[in-house]
Amino acid sequence: MTRPPAPGFTRSYLGEVAQILQQLDGAIIDKAVGMLAEVRDRGGRLFILGVGGGAANAAHAVNDFRKLAEIEAYSPTDNVAELTARINDEGGDLARNISPNLVRALEYARTIGVRILGIVGREAGFTAGVADACIVVPCVNRQHVTPHTEACQAVLWHLMVSHPRLKRAPTKWESTA
């Protein structure tokens with residue numbers, strides 16, 4: 001039987017999210033937006049990779065980048081969030097066998113000259129080390145790194161597809177106002 005969360009958990013969790021948002025580096029986010037605008041302007045393609053909850057975020061982000069920013073975007077993991085979560089949770093960087101699929105994809109991207117943008121929860125991870133622009137979601141509570149990172153990924157991609165340098169199509173509710 002699970003016990004109820006301690007009083008104040010909701011307020012504490014939301015406070016952690018507020019701390020994270022205040023610590024995000026706006027200059028790196030603007031650099032990422034610029035990179036994405038360049039991809040669209042030259043007719044390039046955007047591949048969004050994620051495992052576990054990140055795979056579900058990738059599928060949602062693909063929709064927004066295609067529809068709102070008019071960027072040709074793909075997620076090779078569509079509809080396999082559970083499969084990739086199991087793979088990811090049982091392994092990570094190559095030395096520790098953590099997310100070897102992502103590590104190899106990024107290594108390959110690097111060899112063919114692809115620019116890499118990351119939104120991650122660890123600045124010491126592989127992606128942060130190879131990305132041209134990497135937004136690191138600050139850790140304010142080690143017990144919530146994954147949910148905070150995945151939530152901020154959604155906040156950040158929505159910021160990007162709404163950014164004046166990227167957004168070309170109106171969102172549904174704004175267009176009916």
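Me: Which residues is Gly121 in contact with, leaving aside its neighbours within four places in sequence?
Reply: Contact here means heavy atoms within 4.5 Å, and, with neighbours within four places in sequence left aside, Gly121 is in contact with Val137, Val145 and Thr149. Bear in mind that this is a predicted model, in which local features need pLDDT of at least 70 and side-chain atom pairs count only at pLDDT 80 or more, whereas totals for chains, interfaces and linings use all residues. Residues are numbered from 1 along each chain as its sequence is written, and side-chain values use heavy atoms, with hydrogens and water left out.

Me: Where does Gly121 lie, and is Gly121 buried or exposed?
Reply: Buried means under 20% relative accessible area, exposed means over 50%, and partly exposed is in between, with a 1.4 Å probe and protein chains only. Gly121 has 19% relative accessibility and therefore counts as buried; its place is in the loop between strand 3 and helix 6 (126-130). The C-alpha atoms of Gly121 and Gln153 are 9.6 Å apart in space, although these residues are 32 apart in sequence.

Me: How many helices and strands are in the protein chain?
Reply: Helices (H or I, at least four residues) and strands (E, at least two) are DSSP runs, numbered from the N terminus. The protein chain has eight helices and four strands, and along the sequence they follow the pattern α-α-β-α-β-α-α-β-α-β-α-α.

Me: At what angle do helix 3 and helix 7 pack?
Reply: Two packed helices are described by the angle between their axes and the distance between the axes. The axes are lines fitted to C-alpha atoms, for helices over the stretch in contact, and the angles run from 0 to 180 degrees between N-to-C directions. Helix 3 (residues 53-67) and helix 7 (residues 145-162) pack at about 10°, their axes being 10 Å apart. Angles under 35 degrees count as roughly parallel, over 145 as roughly antiparallel, 65 to 115 as roughly perpendicular and the rest as oblique, and helix 3 and helix 7 are therefore roughly parallel to each other. Helix 3 brings Gly53, Gly54, Asn57, His60, Ala61, Asp64 and Phe65 to the contact, while helix 7 brings Glu150, Gln153, Trp157, His158, Met160 and Val161.

Me: How many disulfides does a search of the whole structure find?
Reply: A disulfide is a covalent bond between the sulfur atoms of two cysteines; the test is a pair of cysteine sulfur atoms within 2.5 Å. The search of the whole structure finds zero disulfides. As for individual cysteines, Cys134 counts as buried at 16% relative accessibility, and Cys152 is buried with a relative accessible area of 3%.

Me: Which residues does Leu117 touch, not counting those up to four places away in sequence?
Reply: Leu117, which is found in strand 3 (residues 117-120), touches Ala32, Met35 and Ala133. Leu117 and Met35 are 82 residues apart in sequence, and from C-alpha to C-alpha they are 8.3 Å apart in space. Leu117 counts as partly exposed, because its relative accessibility is 30%.

Me: Is Gln22 buried or exposed?
Reply: Gln22 is exposed, because its relative accessible area is 70%, and this residue is found in helix 1 (residues 9-23). Along the chain Gln22 and Pro138 are 116 residues apart, and their C-alpha atoms are separated by 9.5 Å. For the protein chain as a whole, 40% of the 177 residues count as buried.
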